[in-house]
Amino acid sequence: MKLKTPYYFIEEKKLLENMKKIAFIREQSGAKFVLALKCFSTWCVFDLMSKYMDGTTSSALYEAKLGYEKFGKEVHAYSVAYPKEEILELKKFADKIIFNSISQLKRFYPLVKNKNLGIRVNPKISYSHFDLADPARKNSRLGVINKKDILDNLDKINGLMFHFNCENEDADNLEQSLNYIGKNYSKMLEKVEWVSFGGGIYFTKAGYNIEKFCKILRDFSKKYNVQIYLEPGESSITMSAKLVTSVLDITHNGKNIAVIDSSTEAHMLDLLTYHTPAKMAKQKNAKYEYIVAGRTCLAGDIFGTYKFTKPLKIGDKIVFEDAAGYSMVKMNWFNGVPMPSIVVKRLNGKKELVKSFTYKDFIGNLS
Ligand SMILES: Cc1ncc(COP(=O)(O)O)c(C=O)c1O
């Protein structure tokens, strides 16, 4: 199949490697796994993922609806703040509704008191490489800090959610955090049915101590008699997709610059948000260096600086690795640059062009 760049290329075989790790941890630890749709909502591979995971978690009504319709199994709904109309919709199909504040819990409790409810706790500890993504940052609005407020409202809830990690690849650090949470929240942990430790635990990263991870989860769950949930986004899809692009132009300003048919701003926004380069596989004997840049008007639309084996020429493919998380969900039409299509290589080896975007999508996006 001749594929036109740019496109995201999802390989089910690679996705399956993550799913098998999840299956192992589920079995060894008893924890349940719900996919964080905020990270990855590309539902053409949900049939595969839903065989290994327990459901989805969401950040607003539309994600929850997507989880319900396309993934199935458990639908967890969480939001930093719900408008009333979302609560009225969610109560029809969400299995768990998690509130971010006591005021939201109290306000909507009369509408959802027969549902399985949770509250997000801010444990005032976190692991994050970035202040922007640190849920325990100064004056954070994410979760309830005051323990007495939670204890006073325990009769209304069934579970607690602690999301306090971001790309935490250190199982020892997680152990310390769970010990801290156990010690500091034991009174409420003993009274609830479930506890979610959110996302941000990088257990599919090469070298992560999975055996230890299982033990930490199993011990915690036993000690407090709670069902543990995890909400992996990134860890569900690690290294399962690439962004395939082509060189459109080569220029020089102090350094060689290759302009490609994609854009950080439009297709991999987090690179700009977190000031990180896109991942690219290292080439052998690479000595030709280029700044690889996007085609939008934004001066800083830069994927990174890379070395290549041969000098680049127009039409060469440039492939970024590990490109699925927080990219496809954030795609936008900045500059009217065509959105990358979505191609899936199924487990049987067949490539499927599942989605391509046209001018009709662009014009339909606004009016
Ligand atoms: C509440 C909650 N759960 C899960 C996640 C998923 O995190 P990750 O993709 O890092 O695993 C996030 C990410 O921000 C989150 O805020």
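Gly-364 is exposed, with a relative accessible area of 61% (exposed meaning over 50%, buried under 20% and partly exposed in between, with a 1.4 Å probe and protein chains only). The model is predicted, so that local features need pLDDT of at least 70 and side-chain atom pairs count only at pLDDT 80 or more, while totals for chains, interfaces and linings use all residues. Residues are numbered from 1 along each chain as its sequence is written, and side-chain values use heavy atoms, with hydrogens and water left out. Gly-364 belongs to helix α13, which covers residues 359-365 (helices being DSSP runs of H or I of at least four residues, and strands runs of E of at least two, numbered from the N terminus).

Cys-166, by contrast, counts as buried at 16% relative accessibility, and is located in the loop between β7 (159-161) and α7 (171-184). Apart from residues up to four places away in sequence, Cys-166 touches Tyr-127, Ser-128, His-129, Ala-133 and Gly-200, where contact means heavy atoms within 4.5 Å.

The residues surrounding the ligand include Lys-38, His-163, Gly-200, Gly-233, Glu-234 and Tyr-326, each having a heavy atom within 4 Å of the molecule. A polar side-chain atom of His-163 lies 3.3 Å from a ligand oxygen atom, a backbone N or O atom of Gly-233 lies 2.9 Å from an oxygen atom of the ligand, and a polar backbone atom of Glu-234 is 3.0 Å from a ligand oxygen atom. Taken alone, the ligand exposes 400 Å², of which the protein buries 86%, the areas coming from the Shrake-Rupley method with a 1.4 Å probe.

Technical notes:
A polar contact is a pair of N or O atoms within 3.5 Å; within protein, one must be able to donate a hydrogen and the other to accept it, and residues adjacent in sequence count only if both atoms are side-chain atoms.
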